[in-house]
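Q: Can we sit down with this model and go through how to read its strands and pockets?

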Amino acid sequence: MGQLTASGRDTAYVWVGRDTGGQPDPATELLCRAGRLLLDRPRAKLVLTHGPGGRPVVRASDDPAGAVGLPVSVSRTAGLVVVAARRAGAVGVDVERVRPLPALALARRWFPPAELTWLADRPEAGRAVDFLRLWTAKEAVGKALGRGLRGGGLRREMPPPGLPWRPVPGAEALWVGHPEVGDDLVLAVAVHATAQVAVEVVQRPGHGVVEVVQWPGHGVAAVRSASVERTSLPVVVRGNWSSRCSTRGRL
């Protein structure tokens, strides 16, 4: 992927692309590129499937024991799609477009009292964004746990949103953060981690790569840019699926 290479440290890679709904299936294309980068396998030896708990996984077909796998997570909003991949363990991602919405009314219906109180104390002008930060955090954490919002996921309390990793209350070694990807988007990434985790966010096609290095208990340590080939990477992953990277149908 141009100058984008897999680093030696624990890194959650996040791709942001346009959702055009075109063919060949951009979901297969992006997930296979992630597999090639992080599993060091040719495209023909990659399989898209699900792991335990229903998490999507890119696996190496030349590994019969199934030990070589890449956890991935997907999310989309109007016209955009986000895919996250992390070689070292579970990852969850969620994205929403910033838009007007009845933040307090929705929070009263779905969120626990502590979050409603926090949201009510926030400035009204930014309350919709704050609501979306909490919502995307819940979605990302649910995906990292492998159960989504089932079992009261919207009631699962989140830490106050922010850029550095924040510990999720009541969850050991589970962290969530909100990397910046533009004023019109709210993006959340969640990981299981006890050591340093970097985040590399591949911006919209043609905008290069922004690497935000951050980890539990720390803020942003560094930011760098690198070039990356232009591409449009819409992804839709729903239901049960298993296919090779040569698949041309839409996932």
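A: Let's start with a turn: the hairpin of β2 and β3 has 5 residues between the strands, and there G53 takes a positive phi near 80°. Strands are DSSP runs of E, at least two residues long, and helices are runs of H or I of at least four, both numbered from the N terminus. This is a predicted model, where local features need pLDDT of at least 70, side-chain atom pairs count only at pLDDT 80 or more, and totals for chains, interfaces and linings use all residues. Residues are numbered from 1 along each chain as its sequence is written, and side-chain values use heavy atoms, with hydrogens and water left out.

Q: What joins β2 to β3, and how do they run?

A: Two strands pair if DSSP finds at least two bridges between them. Here 5 bridges link β2 (residues 46-50) with β3, and the two run antiparallel; L46 sits opposite A60 of β3.

Q: Which residue is the bridge partner of R59 in β4?

A: That's G69. β3 and β4 (residues 69-77) are antiparallel too, joined by 3 bridges.

Q: Is β3 mostly covered or mostly open?

A: In a regular strand, side chains alternate between the two faces of the sheet. As for β3 (residues 56-60), 4 of its 5 residues are buried, meaning under 20% relative accessible area with a 1.4 Å probe, protein chains only.

Q: Which residues lie nearest the centre of the second largest pocket?

A: Rolling a water-sized probe over the atoms shows where empty space is left. In this pocket they are V129, R133, E180, L185 and V186, out of 15 lining residues. A pocket is an open set of points on a 1 Å grid over the protein atoms alone, where a 1.4 Å probe fits, with protein on both sides within 12 Å along at least five of seven lines; lining residues have an atom within 4 Å of a point. β9 gives the largest share of the lining, 3 residues.

Methods:
Buried < 20%, exposed > 50% of the residue type's maximum accessible area, 1.4 Å probe, protein only.
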